Each structure stands twice: as C-alpha cells, then as structure tokens.
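Colleague: Hi, could you walk me through this one? I'd like to talk about it piece by piece.

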Amino acid sequence: MLGKKLVTAQKRGETRALCLGLGMVACSVMMYFFVGITIMPSYVNSVWTKETTCKLLKTNIKDKVQCSFNNGEGDENIFQYPCLEVLVDLNFSGQEVMLYHTEETQERNPKCSYIPQNLKNDKEVKTLIESAAENFRKHQTFPCYYDPEQRQTSVILIRLYPPKGLFFAFLWPSLMLTGGVLIIIMVKISDKSTLSGSNQRPHTSLYSLDHCFKTRPAEYKWHL
C-alpha cells in the first residue's frame with residue numbers, strides 16, 4: 001500500500017514537472033515571437049550602425065515648430081512646441097550634419113534633434129530643451145552613430161536597439177527555453193528509470209519466493 005502511494009506521488013510530481021517544462025518552452029516561444037515582431041524590425045531597419053566621433057558646431061532653439069503625426073487610429077495629432085536643432089562635425093571631416101537623439105526622432109520630426117516625450121506642457125518642454133542644449137555645450141565632443149553606406153546623411157546620438165541590447169533581449173527566452181527542455185529531459189529519464197525498476201521487481205520477488213520454498217523443507221527437516 002505504501003509503495004502504491006509512493007508511485008502515485010512520484011507520478012504526480014513528474015506530471016507537474018513536465019507541465020512546468022512545457023510551460024517554460026511555450027513562454028519562451030512567445031517571447032521569441034514578441035522580440036521578433038517588435039525589436040528585430042527596428043534593429044534591422046536602423047542604418048546608423050557605425051560609431052564615430054562628433055564635434056558640436058551649433059545649437060539652435062527654435063521658438064515653435066509644428067509636429068503632426070498619426071497615432072495609427074486615423075486621427076492626426078498636431079503639437080506646437082519649441083524645437084532644438086543640433087549641427088555637428090562628423091569625425092572632424094568638416095562635414096556639417098544634423099544630429100538626432102534616436103532613430104525615432106527623425107521619424108517624428110526631421111526638423112528637431114530632440115523631442116521630449118510629453119509635449120502638452122510648453123514650459124516643461126522648453127526647460128528640457130534648454131537643459132539638453134546646455135549639456136551639448138558642456139560636452140563639445142561625444143560619440144555618435146552614422147550610416148556607413150551613406151543612405152542617411154544625418155547622425156544619431158543613441159541607438160535604441162544596439163547589438164548588446166538585442167543580445168539581452170534574446171538571452172532571457174533562451175535561458176527559459178533551455179531550462180524547460182532540461183526539465184522535460186530529466187522527467188523522461190526519471191520515467192524510464194521508474195519503468196525499468198518496476199520491470200525488475202517481479203523477477204526479484206519470484207526469485208525470493210522460489211528460494212524460500214526450496215529452503216523451507218530442508219530447514220524443517222533439520223529442526224525435526
């Protein structure tokens with residue numbers, strides 16, 4: 001009776017571990033899919049891949065620039081906000097180019113180098129832009145990224161999805177997938193060990209009973 005309870009408990013544990021492993025594999029596949037449709041296209045489409053040195057030439061704060069963009073639902077949002085324009089010298093070549101904060105900055109408004117996230121408060125926007133311009137004046141030389149194939153003449157300050165960031169984006173689903181596969185393999189190995197052990201037990205029991213039956217008559221006569 002105790003053996004049956006132990007076998008039942010072991011089976012339940014194996015079933016739970018197998019469900020955990022399969023769940024981890026399913027979650028890792030979903031994470032791979034999410035990374036593939038969100039981060040990978042931005043990384044592949046980014047042309048600013050080569051790092052170089054930029055030297056500040058000029059910063060200009062425009063009073064108000066109109067920015068209109070579609071949020072994907074058909075209605076167009078229009079904002080009037082101060083705009084920071086930064087011109088830099090690319091790799092001390094004397095070439096004057098426009099600097100953008102990230103890849104998305106040029107898509108939102110190609111006239112501005114830096115666009116704050118919240119554009120509803122004009123005073124806050126102007127304060128952030130003035131602070132950004134002051135930081136550029138303090139650091140005249142800084143690293144930037146440009147297009148080595150010269151499809152884009154502009155440069156960017158920060159890459160949203162650098163190779164290191166892409167590595168960490170794929171690291172977590174890879175670890176989860178590896179852990180899930182290892183759990184499934186361990187459950188299968190344990191299951192095979194249990195089956196092989198159960199196949200050997202009847203043979204051992206029969207041998208023991210046969211041995212007892214053979215030795216009992218001799219022991220009985222000796223006692224007589």
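**Around Thr-52**

Modeller: Happy to, and let's begin with Thr-52: beyond its neighbours within four places in sequence, Thr-52 is in contact with Leu-90, Asn-91, Phe-142, Pro-143, Cys-144 and Tyr-146. Keep in mind that this is a predicted model.

Colleague: Thanks. Which strand does Thr-52 lie in?

Modeller: Thr-52 belongs to strand β1, which covers residues 50-70.

Colleague: And is Thr-52 buried or exposed?

Modeller: Thr-52 is buried, because its relative accessibility is 11% and the cut-off for buried is under 20%. Its side chain also makes a polar contact with the side chain of Asn-91, at 3.4 Å.

Colleague: Let's switch to cysteines. How many disulfides turn up in the whole structure?

Modeller: The search finds two disulfides. Cys-54 pairs with Cys-144, with the sulfur atoms 1.8 Å apart. That pair links distant parts of the chain, since Cys-54 sits in strand β1 and Cys-144 in strand β4 (residues 141-146), 90 residues apart. Cys-54 and Cys-144 are both buried.

Colleague: What about the other one?

Modeller: Cys-83 and Cys-112 form a disulfide with their sulfur atoms 1.9 Å apart. Here Cys-83 is in strand β2 (residues 76-90) and Cys-112 is in the loop between α2 (103-108) and α3, 29 residues apart. Both Cys-83 and Cys-112 are buried.

Colleague: What handedness does the link of Cys-54 and Cys-144 have?

Modeller: The link of Cys-54 and Cys-144 is right-handed, with 75 degrees about the S-S bond. The link of Cys-83 and Cys-112 is left-handed, at -140 degrees. Counting bonded cysteines along the chain, the pattern is 1-4, 2-3.

Colleague: Nice. On to α3: which of its residues are buried?

Modeller: In α3, Val-125, Ile-129, Ala-132, Ala-133 and Phe-136 are buried. Seen down the helix axis, the buried residues of α3 fall within an arc of 100 degrees, so they line one face.

Colleague: And what does the face turned away from the buried side carry?

Modeller: That face of α3 carries the exposed residues Lys-123, Thr-127 and Lys-138.

Colleague: What span should α3 have?

Modeller: With 17 residues at 1.5 Å a residue, α3 should span 24 Å, and its end C-alpha atoms are 24 Å apart, which agrees.

Colleague: Where does Arg-151 come in?

Modeller: Arg-151 forms a salt bridge with Asp-147, the closest N and O atoms being 3.6 Å apart. Arg-151 also forms a salt bridge with Glu-149, at 3.4 Å. Through shared partners, salt bridges join Asp-147, Glu-149 and Arg-151 into one network. Asp-147 is buried at 1% relative accessibility, whereas Arg-151 and Glu-149 are both exposed.

Colleague: Last one: what is Ile-156 in contact with?

Modeller: Ile-156, in strand β5 (residues 155-156), is buried with a relative accessible area of 0%. Beyond its neighbours within four places in sequence, Ile-156 has contacts including Trp-48, Leu-99, Tyr-100 and Cys-144.

How values were computed
Residues numbered from 1 in each chain as written. Predicted model: local features only at pLDDT ≥ 70, side-chain atom pairs only at ≥ 80, totals over all residues. Heavy atoms only, no water. Salt bridge = Lys/Arg side-chain N within 4 Å of Asp/Glu carboxyl O. Buried < 20%, exposed > 50% of the residue type's maximum accessible area, 1.4 Å probe, protein only. Helix = DSSP H or I, 4+ residues; strand = E, 2+ residues; numbered from the N terminus. Expected span 1.5 Å × (residues − 1). Arc of directions from axis to C-beta. Contact = heavy atoms within 4.5 Å. Polar contact = N/O pair within 3.5 Å; in protein donor to acceptor, adjacent residues only side chain to side chain. Disulfide = S-S within 2.5 Å.
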